[in-house]
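Take a look at the sequence and the structure below. The report after them covers how two chains meet.

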Amino acid sequence: MSAANASGNVIRKYLPVYFVLLVIFFVEVFLSFQHFATGTLVVILLLLALCSASLGLMYFMHLADEKRNLLLTLIPVTIFVLLMMNMFWSDSVRLLHMRPGAQ
Amino acid sequence: MSESEMAVQGHGDLMEASPYAIPSRKLTMWLFLISDAVTFGAFLFAYGYIRVSTENWVRPFESGSVINVIAMTVILITSSLTVLGAVDAAKAGDKAKTMKFMYSTMALGALFAALHLREWFQLFGRGITLSSGLFGQTFFTITGLHLLHVISGVIALLVVGMKYSNGKLTPGHVESTGLYWHFVDLV
């Protein structure tokens, strides 16, 4: 197989991932114009963003083809740190209702 | 083996194999990307905090802006596909094909940056700037950080592509730059 054909094949190979990423993005745009409660919308959009990121990491960035050690070293700690950042949501809602220092 | 022998002969034989089985360049790029992801995460969560806790949040985007953002996102996702082609062509040793894909990726990145700046200038025209309030501060900081990444990526692709075609860099360098570009796309 020539180098040129190989390059063509890799694009064809990853086209399904490309289209799925586009579909997820258009679903996100569509949902953001629907009348969901803010909290519900944030959760749905975060889950869709997680799906997009997973697809990009595993296929475009080839993490699925690397040794599992790499994935286990990098991803759980990143998810943990990002999840820890979610602790302050309740405080932002408290601020919205102007109850500084409320229990 | 004594310490003096190790100093003279090196101690590569005594070290265990890398548990990740990837070049240190690629591991370094992964570590950078993880730290960058957490940085973006912190900015985005800070934006969310301010957004939720602020009543009457500014909503300056009209339908034209939404179409602009859709075009920008499609362009960036497409550029991930072209950089995949560049990495694959580099691994196959096809320098001409690699450069073709690299230039395509750079063009898409430059187009994204141009649309991004157009969006910014439209907001400037409506009086929304970095110093005009919470929305301007958070919006321009986060999108500015991303734009900085895109512009850096275009420059990196240009430099790495030129050096690769001159034989000064290896396909591994193209792959590491590709990893960075995919990250910029995902953000």
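This is a predicted model: local features need pLDDT of at least 70, side-chain atom pairs count only at pLDDT 80 or more; totals for chains, interfaces and linings use all residues.

Residues are numbered from 1 along each chain as its sequence is written, while chains are lettered from A and ligands numbered from 1 in the order in which they are written.

The model scores ipTM 0.81 and pTM 0.85. Chain B has a mean pLDDT of 87, and 92% of its residues reach 70 or more. Here pLDDT is the predictor's confidence in each residue, from 0 to 100.

**Chain A.** Chain A has four helices and zero strands. Its pattern along the sequence is α-α-α-α. Helices (H or I, at least four residues) and strands (E, at least two) are DSSP runs, numbered from the N terminus. Of the 103 residues of chain A, 9% count as buried. A residue is buried if 20 or more other C-beta atoms lie within 10 Å of its own, exposed if 12 or fewer, and partly exposed in between, with C-beta atoms placed from the backbone.

A:Thr40 sits in helix H2 of chain A. Is A:Thr40 buried or exposed? A:Thr40 is exposed, because 11 other C-beta atoms lie within 10 Å. Its C-alpha atom is separated by 19 Å from that of A:Met84, 44 residues apart along the chain.

**The interface.** In all, 33 residues of chain B contact 33 residues of chain A. Contact means that C-beta atoms, placed from the backbone, lie within 7 Å.

The side of chain B that touches chain A divides into 21 nonpolar, seven polar and five charged residues. Ala, Val, Leu, Ile, Met, Phe, Trp, Tyr, Cys and Pro count as nonpolar, Asp, Glu, Lys and Arg as charged, and the others, Gly among them, as polar.

**One helix pair.** The axes of H2(A), residues 38–60, and H6(B) come within 10 Å and cross at roughly 165 degrees. H2(A) is therefore roughly antiparallel to H6(B) (angles over 145 degrees count as such). A:Ser52, A:Ala53, A:Gly56 and A:Phe60 in H2(A) meet B:His182, B:Asp185 and B:Leu186 in H6(B). The residues of this contact are three nonpolar, three polar and one charged.

Conventions. Two residues are in contact if their C-beta atoms, placed from the backbone, lie within 7 Å. Axes are lines fitted to C-alpha atoms, for helices over the stretch in contact, and angles run from 0 to 180 degrees between N-to-C directions. Angles under 35 degrees count as roughly parallel, over 145 as roughly antiparallel, 65 to 115 as roughly perpendicular and the rest as oblique.
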